[in-house]
Amino acid sequence: MTSIPTRGTTTGRATGSVARPARSPRRGRLRVGAVPYLFLAPGVILFAVFIVWPAVQALRMSFYDWKIVAGAISRWVGLDNYVRAVQDPHFWLSLTNSGIYMLATVAPQMALGLAIALLLKRKSPVQPLFRVLFYLPVVTSWVVVSLLFKYLFADSGLVNFTLHDFLHLMNSDVSWLAQRGTALVVICLLGIWKGIGWSMMIYLAALQGVPQALEEAAIMDGAGRWQRFRAVTLPAVNPATVFLSVMLVIGGLNVFASVVLVTNGGPIGQTDVVLTYMYKQAFTYLDFGYGSAIAMLLAVLVFVLAVLQLRIARGRADEALA
Amino acid sequence: MLHRGRYRIRFAQGRHHHLLGAYGNGGNSTQQDALNKTLIPAFEKANPGITVKYVDVAYDSLLQKLTTSAAGGKLPDLVRADLGWVPQFADLGVLEPLSTSMSDYKALAAKDYPGSVATNRYKGEYYGLPLDTNTRVLITSQQALDKAGVSEPPKTFADLKTMATALKGTGVSLWADSKLEAWNIAPWIWSGGGEFTNKAETKATGYLNSAANAATIQMLVDWYKEGLIPNLLTGNSGAVATQDGLPKNDYATIFDGPWMAGVWSGSYKDFHPIYAPIPAGKGGSVSVVGGEDIVMTASSAHKAAAAKFIRFTQSKQFQIEMAKTGQLTVQPRLADQQAEMAADYSVYSDQLKTAKSRIASPNQSKIDAVLAAALTPAFTGGTTVKAALNSAASQIDALLSGD
């Protein structure tokens, strides 16, 4: 019977007739060092091909009057597409709408998500059912819920029926989707309703990590519920809050499907958000250079906001530690 | 594409968006069956050595698919294109100018409605031939006519005004439409005696903002302000759609195409629409041409075979077979035969004799956006009709000069 030295043991003894030369330490380190990269390679390659390369290509297109046809020569226009965006009132309107959506949806999703998570933290026989019910909108298709909201807020929809015909809170039906303001309200409500479940799940997970000892100590010190919430619970779920705020701000500025399906940017483009405006430029007008420039401007804005949020959060954490 | 020693023509098709919108999905199996089971086999039998591979693509996806294919240099040989895309793709240089490459183009085009042929024109060349056509006519109901106290559909703008007076305060709108784009307002503009541009389609100022157009649009604005036109027109996506509003008697009249019969036969079986020509104004009764054109791509490796198929689409066999599926023939000589299939088709055929095509421009989508954005404030009270038309005309001038 022969035995082969265990892998990685450079001093393995040869007990049989097959004697192998001892591996040099340097060669072993090299081999071990390459292994993690081999595991990383598929993900990195996919990321580079499907994310980095298209992003670089979009950046390149933004400097051209891009001709979509294969082999056609695109004209270099430098920063013209960016200047055009800055001077385009409709771009600013769409950016404002994206900003309004982000501001109006992020805080309510987080606040309501936390409130529901606190309620569902307690053990109860119906708790799993409520968790599923609150999470259901998250896993439901954007198409389905957007069309549902469109019908709810139609002139002859359930909302008007309830507020006007049933509760008599309004003198007449409201054309919710006919004006920018009310149409944006509908789109924001949809975003909040669909997003609460996700915030709830993140906070539910974070609440499991709140130290019980601290809670008990606070009770012993005579702290009330609100004081315990402020001094114990909120700081303990702060990492979840930071994560949620960054992700929801990014998601808020990238709103697209609900706008397309509920108003398609109407009336007359008044509810366009940056991505619907970008989409129209690129895929309706085939103006890919301008569309790419708009996409790049949004990407920069999202990146800057995410970095700022993380810096502010880190600064607060440092202050708390100090 | 060479296929077992035979030519294979790749043929992409997109259904008309009005049909799609009416049915709410991308499926029209009757047309696909007519092509795949009857027409293409007949063509292949008559033309040994040529195989046609027909790829059906839903209308919503086709523009994106064609754009992607153009970017990848992999366009099919033939495309059944929405007529609005012909100038757009001709401008990109991906279409073959048939008026140059097909020696019998003039003879073939002469058999078709002039308005339909005009949809293929771009910068002096013709890039396709009409495949099927449609137009908008006035559609009303007996219920609506009774409500307005009239015995027949309005034939003139004056008749419409009479109906408007009768319908005031009844809760029934005189007329409804979903947008203020060229497709929607062209019948009003042309029937009112106005134009969008000069003949060469290089200038809108002096034409779109003419006194005739101002009077026509003002007539619509007045009705809108009196509640006789719903705010569906100005972009309320929550308003009752025309296809529902007419059968429910919310709307007395609409302008729409031949696909509506199919919509109502499914959803409103007891509804009996009444079809009539667009009410005539100073310019007569003039509607707008819709439909699809067949175009050949410039990159096609089998142009002679593709041209043969294009000629086949202009044959009586092809036109009648497609008419059976609800696609109106592009040839006036076949109108009577078509009317035997459905009597209502004759209203459309008659309307097509004077129907006109929209501005042939690669910027047609932008022109539509300009028209809607400029005219909407005139209806909602943000500006005057004259100022709105002036603004639209100057913006369209810029788009036409940028062609």
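Predicted model: local features only at pLDDT ≥ 70, side-chain atom pairs only at ≥ 80, totals over all residues.
Residues are numbered from 1 along each chain as its sequence is written, while chains are lettered from A and ligands numbered from 1 in the order in which they are written.

Chain B splits into domain 1 (2-134 + 290-352) and domain 2 (137-287 + 363-401), with bounds taken from an automatic or database domain assignment. Their C-alpha centres sit 29 Å apart. Where the two meet, 17 residues of domain 1 are in contact with 15 residues of domain 2; contact here means that the C-beta atoms, placed from the backbone, lie within 7 Å.

So what does domain 1 bring to that meeting place? Two or more residues each come from α1 (17-23), α4 (85-92) and α17 (345-352) of chain B. Helices (H or I, at least four residues) and strands (E, at least two) are DSSP runs, numbered from the N terminus. The largest share, 5 residues, comes from α17(B).

Now look for an open sheet of 4 strands in chain B, ordered β9-β10-β8-β11 with mixed pairing; strands pair if DSSP finds at least two bridges between them. At the edges are β9 (173-176) and β11 (274-276) of chain B, each pairing on one side only. Strand β8 (residues 137-140) of chain B runs antiparallel to β11(B), joined by 3 bridges. Across that pair, L138(B) stands opposite A276(B).
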